[in-house]
Amino acid sequence: MSIMSDTQATPTGLLAEPLLVAMDLRRRFGPTVALDGASIQVTAGEVVAVMGPSGSGKSTLLHCLAGILRPDGGEVHYRGSRLDTLSEDVRSRLRRDDFGFVFQFGQLVPELSALENVTLPLRLGGVTRREAERRGREWLGRLEVADVAGKRPGEISGGQGQRVAVARALITGPRVVFADEPTGSLDSLNGELVMTLLVDTARQQGATVVLVTHEPRVAAYAEREVVVRDGRCVAPVQAR
Amino acid sequence: MSVPHVLLGLLEDRPRHGYDLKREYDERFASTRPLQFGQVYATLARLLRDGLVDIEALEAGGGPDRKLYAITAAGVTDLERWLREPVTPQPYLQSVLFTKVVLALLSGRSAADVLDTQRASHLDRMRELTRRKASGDLADALVADFALVHLEADLRWIEMAGTRLGRLEKEMRA
């Protein structure tokens, strides 16, 4: 398989195996073409911004990379194995074990406290309540929202809610964090705080981040950007 | 940057020697381009001629560094006027980039490439500023924020231009 030997230079100049590779992805929604031959490579440990105007196909690309959506054509490889042809069960397990997700809004369970929301992935994975809560409090502390542990999503601010969501995405130690417009509903300063904490904690954990955003200031937290236009990834231009 | 007004602003706090003015200017305002000594003394000489500063004390030994400069009442008035004046908005990038886009379209070259190159360059700069913000103090962050939101405005124009290239080309070739 040619893709296995497909390598990419890391910022340090070493050659690294790509963690995620998508080749020639195609996806339609009825008559609308969302992806029209999109290809992307993501190296382990990097923070990549996927940019583009609304309707360009960037969220669809993220959903295909994360195994949420199955593309109509093309291939997705994760750690050297085909991801898009796996059964829904296997992909679902992969999403739980290897991936973390942060969305724009509506991701916290409104009936649960911040601590219960953060510990949810651990509890579903069979971790005892005591241990889950210990780690949950630690993570809320890292995201500087330890004081809202007992509050429900409706009782905390949007910025606090997004930080709880980041804690929940990272608590299982995912290899990849997929973030789709994570600051979309926040003002500039809260957006900045969420991005700083998301990128810093992901780096400390060695997690890879695929960040979908249409905001340049958010994309500037990434190490590089991939621009999606009309369902394709535009080759990065070397400035300078 | 209006160096005379910056020096007046620094002198308003208390009288200073030319050397101290340069040091303070560099520390606060010149993160990338320090002020030359020659420029400090030339500026002070002009301010002195125009009656905006005065020499409060002249220490023995001569030399420009022995003069202690103080702001005058006229200097304070001038400084206040300058502070109240709006800064002229600079449509610089937009006009240069607009020219490049038009020339590319007219010559049958790819205007999208022009915009993509500019986007990549802008994002490089924004990444650098974002890193600087993380490592600096609040004043550094404010300076970086200013640059970041302006670069972001340029990028919004780039995206808008990008979505209109097809129509622009048709109009231009009509």
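A:P18 stands opposite A:T43 in strand β4 of chain A, and this pair belongs to strand β3 (residues 18-29) of chain A and β4(A), which pair in the antiparallel sense over 9 bridges. Two strands count as paired if DSSP finds at least two bridges between them, while helices (H or I, at least four residues) and strands (E, at least two) are DSSP runs, numbered from the N terminus. The model is predicted, so that local features need pLDDT of at least 70 and side-chain atom pairs count only at pLDDT 80 or more, whereas totals for chains, interfaces and linings use all residues. Residues are numbered from 1 along each chain as its sequence is written, chains are lettered from A and ligands numbered from 1 in the order in which they are written, and side-chain values use heavy atoms, with hydrogens and water left out.

Strands of a sheet pair through backbone hydrogen bonds, either parallel or antiparallel.

| Residue | Bridge partner | Strand of the partner |
|---|---|---|
| A:F29 | A:T32 | β4(A) |
| A:A179 | A:L211 | β10(A) |

In the hairpin of β3(A) and β4(A), which has 2 residues between the strands, A:G30 takes a positive phi near 60°. These strands are part of an open sheet of 4 strands in the order β4-β3-β6-β7 (chain A), with antiparallel pairing. Its edge strands are β4 (32-43) and β7 (81-82) of chain A, each of which pairs on one side only. Helix α1 (residues 58-65) of chain A packs on this sheet, touching β3, β4 and β6 (73-78) of chain A, and its direction makes about 55° with that of β4(A). Contact here means heavy atoms within 4.5 Å, and axes are lines fitted to C-alpha atoms, for helices over the stretch in contact, with angles running from 0 to 180 degrees between N-to-C directions.

Another open sheet, of 6 strands, has the order β8-β9-β10-β5-β11-β12 (chain A), with mixed pairing. At its edges stand β8 (99-102) and β12 (232-234) of chain A, each with a single partner strand, so one side of each is left without a neighbour in the sheet. Neighbouring strands of this sheet are turned by 25° against each other on average, direction ignored. Within it, strand β9 (residues 176-180) of chain A and strand β10 (residues 208-212) of chain A pair in the parallel sense over 5 bridges. Helix α6 (residues 111-135) of chain B lies across β5, β11 and β12 of chain A, running at about 150° to β11(A).

**A helix pair in chain B**

The axes of helix α1 (residues 3-13) of chain B and helix α2 (residues 18-28) of chain B come within 10 Å and cross at roughly 105°. That makes α1(B) roughly perpendicular to α2(B), a term used for angles of 65 to 115 degrees. In this contact, B:V3, B:V6, B:L7, B:L10 and B:L11 in α1(B) meet B:L21, B:E24, B:Y25 and B:R28 in α2(B).

**Buried residues and cysteines**

A:R95, which has its place in helix α2 (residues 88-98) of chain A, is buried, with a relative accessible area of 18%; buried means under 20% relative accessible area (1.4 Å probe, protein chains only) and exposed over 50%, with partly exposed in between. A:R95 and A:G67 are 28 residues apart in sequence and 7.3 Å apart in space, C-alpha to C-alpha.

A:C64 is also buried, with a relative accessible area of 1%. A search of the whole structure finds 0 disulfides over all chains, a disulfide being a pair of cysteine sulfur atoms within 2.5 Å. The sulfur of A:C64 is 11 Å from the closest cysteine sulfur, in A:C233, which is too far for a bond.

Terms used: Parallel < 35°, antiparallel > 145°, perpendicular 65-115°, else oblique.
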